[in-house]
Amino acid sequence: LFDRLYDLKILHIVDAFSRISVHDLKRNSITLEETDYVIHRLGLIISTFNIFNPEKKGLIEGFFPTPRIVSESTLEQLLPTFEPDPLFDKCQFIMDQYTFIEKRLSEIKEEISSLSPFTDLRLDLEGLRGLKKTTIIFGTCPGEEYLRMTSDPQAKDLLTCQLISAKEREYKVLIACLNEERDSARGLLNGYKFTDLPLPDIQGRVSGRIAALELENKDLISQKDGLAERVSGLTKEYRDKVEIVMGYHEDQRSKTTTEGNSALSKRVMVIIGYVRAMDIQGLDRLLSKEFPDSSIVYDDPKPSDTVPVSISLNPFLRPVQLLVNMFGLPNYFSFDPTPFITLSFLAFFGICFGDVLYGLMLIGFSAFMMKRFGPYEDTRDFFKLFFYAGISTTIFGALTGSWGGDLYRPEYLGENNIVYRLMNLFIMIDPLSKPIAALILAIGIGIINQFYGIILKMYGELRRGNIGNAIFDGGLWLIVLPGFIIITSSIFTGIPLWLFRFGGLIFLIGAIGLIVTQGRGEKGLPARIITGIVSLYGIVGSYGCMSFVGDILSYSRLLALGLTTSIVAMSFNMIANLFKPLGFVGMILFIIVLIIGHLLNFVMSIIGSFVHPARLIFLEFFGRFYEGGGTKFQPFGFQGGRVRLIKTSE
């Protein structure tokens, strides 16, 4: 049964004992020893390959998983023929040698480092340590202290000093004294800031020992290179096979672990899980045809259940799901916000990055990357999202008259150039010449988006049948906030008296409704009224007037980022234009500076144009309606983390 469910891949299995409590049922006992044994051996082989021949991955591959793609027939042919033990023995032998070499190289490095202070001491250290009546002291002291010590009569009486080296302000000194005067000598040396360096326990001279260590180091590196060459041959022959087999056994381990979630008695096995409604017929067909003695019971999830979430989207909307995944999957009893944020995000991105040249660059780059990573759905969808964003960028760049900043100007591309004609054909508003109008437009977009979020809040409540919550926590705010906007706008501009009175009236009606309803969960009339009054500000409750003000002001960043992109582009145009009077060379420099400057601005601006719209979605928009906390629906079957398994027909 488990094998067939695994092949069917439609059932998300959960721990049976988290849902039922029957005395006669016991947990299905599983064993992972054999699988873990194989995984351990394959893991050592892969580690050996990665140490000597790490896989080269580009920047994109570093962020997105690119599993090996293998057909079912290839896997079926590989598993019986691939025996990891001989390869494991070779790799283990290599790793043992490698570990020994690395340890010895570290020891050599450490010893050479410890001997380096004594390289100027060209004496037989064994002979120095063998003196019977004399103590030899070696160390350093500041130059001025050494000069003062050598002129001290007491030091002359106790010590015999030999200057070994004098570098900058530090002197290395070799000192001899009688054994019976050793303590007095050391006490005297302390007064001259003398630092004792104990002589190393080696035979012969330091230089000879270092030469021997360097020769050994060279030999070990040669041995290490030999190991690397040997592993390189193994890597070329076996890496793909090992990775595929490793992916299979890792998935088998996950499969066995999941089987442990079932419950058993002497005659009955119980499996509990989730199945999508569209897959019920397939599950029924399997059980009735191949397991006629089985019984299945379906039940709708309860609000207290942690229900896994499976989101199905059409190919156009699927790339935008990336944004929702970044924030966290929606609660099962909520709704997927992807279709509702697509237009907002793309519009915000286009406004922030709005430039025709940059939009076309983004479209071209994204199309290339989509083709390159075609087999990898997640990576392809990531670049498809930026492909859409490039279209939005191009549109808003045309509407705001930004074509590489002001690259259309006559001093750059000549009089009446085609870019200049196209710019005049499409431009609707120039944010640089009309910043106040552009700011009002950005704030207007924010107001519309906030109202849109409240409407989605109402939609979510209505889907659950909570009509009261939809009206009290959403509908009343759609009455209060327009009135609040009319009243506050009268502070900055003159409005007709009738409009001001109308705004005050609807604000008052909505405010009374909120005061009465926002504290409906509190006990006692005073607590309800106080909670309702406070909710108008936004400290408690579903929203708030001050929250609304803060949220819509955040949309001014759309104007700021859009202006930044254009102004920086214009700056690079001006810098490049400085080279044009230099003739042919100046024209070459003009083109080079334009390319480098606009590429730099493209890279810098695209980051902010993604991050800030995402912030507006996640904080100012999702905060109105979104309910996260969902877990991903993972049907029991081959998951393909390291390996992606495809049907042979594919």
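This is a predicted model: local features need pLDDT of at least 70, side-chain atom pairs count only at pLDDT 80 or more; totals for chains, interfaces and linings use all residues.

I started with D120 and K167, whose side chains meet in a salt bridge at 3.8 Å, N to O. I count a salt bridge when a side-chain nitrogen of Lys or Arg is within 4 Å of a carboxyl oxygen of Asp or Glu. This pair links distant parts of the chain: D120 is in the loop between α5 and α6, K167 is in strand β5 (residues 160–167), and 47 residues separate them. Helices (H or I, at least four residues) and strands (E, at least two) are DSSP runs, numbered from the N terminus.

Buried or exposed, I asked about D120? D120 counts as buried at 17% relative accessibility, while K167 is exposed at 53%. For the labels, buried means under 20% relative accessible area, exposed means over 50%, and partly exposed is in between (1.4 Å probe, protein chains only).

Residues are numbered from 1 along each chain as its sequence is written, and side-chain values use heavy atoms, with hydrogens and water left out.

Next I looked up D240, which forms a salt bridge with R68, the closest N and O atoms being 2.8 Å apart. D240 is in helix α10 (residues 206–259) and R68 in strand β3 (residues 68–71), 172 residues apart. D240 is partly exposed at 46%, but R68 is buried at 18%.

Then came E111 with R209, a salt bridge with its closest N and O atoms 2.9 Å apart. E111 belongs to helix α5 (residues 84–115) and R209 to helix α10, 98 residues apart. R209 is partly exposed, at 30%.

How many salt bridges does a search of the whole structure find? It finds 30.

Last, I checked helix α20 (residues 477–492) against helix α21 (residues 497–517): their axes come within 7 Å and cross at roughly 140°. Axes are lines fitted to C-alpha atoms, for helices over the stretch in contact, and angles run from 0 to 180 degrees between N-to-C directions. That angle makes α20 oblique to α21, because under 35 degrees counts as roughly parallel, over 145 as roughly antiparallel, 65 to 115 as roughly perpendicular, and the rest as oblique. The residues in contact (heavy atoms within 4.5 Å) include W477 and F484 of α20 and F500 and L514 of α21.
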